[in-house]
Amino acid sequence: MDYQKQYGYGQQAPQQPVTNQGTALGWDDEVEEKTYTLLPEGEYPFRVEGFDREQCNGTEKMPPCNAANVHIVINYNGEEVRIDKKLFLLSTNGQLFAFFKAIGAQTLPDGRIKMDWTKVPGAEGRVVINRRKYNGNEYNNIKSFIDPAKVQPAQGWQGGRF
């Protein structure tokens with residue numbers, strides 16, 4: 001949303017609900033330092049906090065399509081670490097299938113999965129985290145989603161629960 005066009009210069013935008021994307025601030029509001037926890041690479045249980053529906057205009061390598069910006073939460077040493085993952089709704093996107101498989105979506109007899117977005121908020125699963133570098137900084141990156149049928153019982157995972 002372009003707040004400058006909608007509310008004009010000098011006008012305060014109405015307060016928006018707090019999300020991973022932040023809250024619109026007025027010119028005289030207070031700000032605080034934000035911290036960022038870089039997770040050790042490895043496997044983690046996760047919970048989906050929610051998602052935003054977006055539209056991607058496409059690139060040279062990808063056609064215009066819908067996208068879901070999924071807000072993932074990992075409990076790490078008592079701290080909730082948030083990672084956003086953009087899932088492009090393209091037939092060639094294997095991570096889209098893997099995401100739904102990881103949160104327990106049922107596979108149809110033909111091997112496909114029907115995307116039921118109403119069941120995404122609050123869903124749980126497991127994910128592999130690695131790090132990616134961008135502009136000289138390191139960030140948490142979702143490398144892959146884990147099929148619950150392939151989780152080894154010795155890993156101590158009980159149905160995706162934290």
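How many aromatic pairs does the structure hold? The structure holds 7, where rings of Phe, Tyr and Trp (its six-membered ring) pair if their centres lie within 6.5 Å, with planes under 30 degrees apart counted as stacked, over 60 as edge-to-face and the rest as tilted.

Before I turn to them, a word on the model. It is a predicted model, in which local features need pLDDT of at least 70 and side-chain atom pairs count only at pLDDT 80 or more, while totals for chains, interfaces and linings use all residues. Residues are numbered from 1 along each chain as its sequence is written, and side-chain values use heavy atoms, with hydrogens and water left out.

As to confidence, pLDDT is the predictor's confidence in each residue, from 0 to 100. The protein averages 84, and 80% of the residues score at least 70. Residues 1-20 stay under 50, and for them the model has 27 contacts beyond four places in sequence, contact meaning heavy atoms within 4.5 Å. Residues 156-162 are also below 50, with 18 contacts in the model beyond near neighbours in sequence.

Let me now describe the sheet. Helices (H or I, at least four residues) and strands (E, at least two) are DSSP runs, numbered from the N terminus, and two strands pair if DSSP finds at least two bridges between them. The sheet is open and has 5 strands in the order β3-β2-β1-β4-β5, with antiparallel pairing. Because β3 (79-88) and β5 (137-146) stand at the edges with a single partner strand each, one side of each is left without a neighbour in the sheet. From one strand to the next, the twist averages 40°; axes here are lines fitted to C-alpha atoms, for helices over the stretch in contact, and angles run from 0 to 180 degrees between N-to-C directions.

Consider the individual pairings. Strand β2 (residues 65-76) pairs with β3 over 10 bridges in the antiparallel sense. Along this pairing, A68 stands opposite L87 and I72 opposite I83. The two strands form a hairpin with 2 residues between them, and N77 in the turn has a positive phi of about 55°. Strands β1 and β2 run antiparallel, joined by 9 bridges, and here R47 stands opposite V73. Between β1 and β4, also antiparallel, there are 6 bridges, and P45 has R126 as its bridge partner in β4.

Which helix lies across β1, β2, β3, β4 and β5? That is α2 (residues 94-102), running at about 70° to β5.

I return to the aromatic rings. F51 and W117 form a tilted pair, 5.0 Å centre to centre with 45° between the planes. Since F51 lies in strand β1 and W117 in the loop between α2 and β4, the pair ties together parts that are 66 residues apart in sequence. F51 is buried, with a relative accessible area of 19%, and W117 is buried at 11%; buried means under 20% relative accessible area, exposed over 50%, and partly exposed in between (1.4 Å probe, protein chains only). F99 and F100 form an edge-to-face pair, 5.2 Å centre to centre with 80° between the planes, and both residues are buried. Finally, ring pairs link F46, F51, F99, F100, W117 and F145 into a cluster.
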